[in-house]
Amino acid sequence: MKIAVLRERFEGESRVAATPETIAKYIALGAEVAVEKGAGEASRLSDDDFQQAGATIGATAAATLKGADIVLCVRRPAADELVGVNKGALLVGALDPYGNEKDVAALAKAGVAAMSMEFMPRITRAQVMDILSSQANLAGYQAVIEASKVFDRAMPMMMTAAGTVRPAKAFVMGAGVAGLQAIATAKRLGAVVSATDVRAAAGEQVESLGAKFIMTEALKDASGTGGYARELTKDEQAAQAELVAGHISKQDIVVTTALIPGRPAPKLVTKAMVESMAPGSVIVDLAAERGGNVELTQPGKVITHNGVTIIGYTNLAGHIPTTASQLYARNLLAFITTLIDAKEKKLAVNWDDELVKATVLTRDGAVVHSAFVAPKTDTAGDTEAKPAPAKKPAAKKPATRKPSAGKATASQTSASKTATAPKADAGQAPEAKPAPRKTAARKPAAKAAAAEAGPQADAPATAPAAKTPAVEKPAAKKPAARKPAAKKPAARKPAANKPAAPEGGDN
Ligand code: NAD
């Protein structure tokens, strides 16, 4: 049983699908592992590290793939790159099938069984395999770090002999996995944090992190199915826009993460709202990959408008590739372990297992996933129901990719998910393990995050989780002219001059 790990070819992709830690475990399961030369370089994993873990290094993709039974990847490789794998080999990664149906069909034709990790069901057993959660959690953290790099003031309140510095105000829109981690991170850095979401349940999670939850009275709850949000009605959208307009003009840092399964990202921040913010303010749009929550966002780019910096990176987890690879590789290991008979030391896929059924896109030369197969019509004329897309709606197709590789969109980052608690484990990034969907189960983690915010935190770590979220009335009027965020906006560095984080990640 041979496992091959490819070097990523998608432009700017800095992650890798296996680490020395996971490779040692694959070998213990009876596999031999080949890693393509340089595959871990951007994640600071050398070929030597992989070799010491027991892998062989393939000089080329072809040499690495020869005779492989399982191919691990971050982004979907082009079908014609998979030359030499065994018939029916598994291809496992973030395959980003929506909008890329032709490429999926090509994978089927190539005879591989492609398994899309984004389709992993959000059930307890599969939490450890949830790449959307592990990567969104990191993206939420990194969003605040990126904002702090561009922001030209201190985040926490500082009382010094030279006077007091007021804390920055941060506003997080969308309190799912990424949003909750953004809140926790901004709190830890000492900002005064507020957040909004359209799901009422998010309110207590926000408050348990010590942030203020704001929601319009007109919008009681827009929870959809499976813990996700539903699309707002026109009236609800107008009420939300009014609420946001009144609040956003007072913010220094805004992180937007709002997504609705199967839909383009809702537009929440208009040009006028951006213009109401003080020069020096920063917006990070984590929904950039799906069109963005901010009207002015340019996916993959950092722009400034009226002195407000808008960061539209589409692969924020890829900006911390070492941690992102570590968690992603563990997600894959957890899934692959279920596909191997450890006693017999051989591949033993149970095609009826719900995790396999949910993730398999292609098998035996055909596209088999129900989301991509035309509905069958029976003799009575009934049509077989087609399940809703698991998650990603493919609003916009991102961009550039090196010509050699098949095209793929960024799929791991902004679209992902986990609550936010830092894990106690040394060496483990916060939230390696997604919190259970139930709010109650997240509380301890949330408390820990709030407690970690330290003395600067302005809200008690013990915020009562059961408390009803505070409702902020929409501002009747647009606030009058406000003070600039900093006294001397002239001193700020133009965003364009900022190093664009690790080369990687954005497209
Ligand atoms: P997501 O990425 O689909 O969306 C991000 C957030 O945006 C959500 O909280 C959503 O409610 C919010 N949103 C949508 N429209 C909005 C609008 N107009 N204004 C403001 N906010 C808006 O969500 P996610 O991070 O994947 O989380 C979705 C749910 O799944 C959450 O309840 C989360 O706790 C849960 N979850 C469960 C598991 C599990 O059980 N294994 C794992 C991860 C997440």
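A: What follows describes selected salt bridges and their surroundings.

This is a predicted model, in which local features need pLDDT of at least 70 and side-chain atom pairs count only at pLDDT 80 or more, while totals for chains, interfaces and linings use all residues. Residues are numbered from 1 along each chain as its sequence is written, and side-chain values use heavy atoms, with hydrogens and water left out.

The structure holds 16 salt bridges, a salt bridge being a side-chain nitrogen of Lys or Arg within 4 Å of a carboxyl oxygen of Asp or Glu. One of them joins Arg-7 to Glu-36, with the closest N and O atoms 3.7 Å apart. This pair links distant parts of the chain, 29 residues apart, since Arg-7 lies in the loop between strand S1 (2-5) and helix H1 (20-28) and Glu-36 in strand S2 (residues 32-36); helices (H or I, at least four residues) and strands (E, at least two) are DSSP runs, numbered from the N terminus. Glu-36 is buried, with a relative accessible area of 3%, whereas Arg-7 is partly exposed at 33% relative accessibility; buried means under 20% relative accessible area, exposed over 50%, and partly exposed in between (1.4 Å probe, protein chains only). Arg-7 and Glu-36 also belong, with Arg-9, to a network of salt bridges.

Within helix H1, Lys-25 and Glu-21 lie four residues apart, about one turn of the helix, and they form a salt bridge whose closest N and O atoms are 3.7 Å apart. Lys-25 is partly exposed at 41% relative accessibility, and Glu-21 is partly exposed at 31%.
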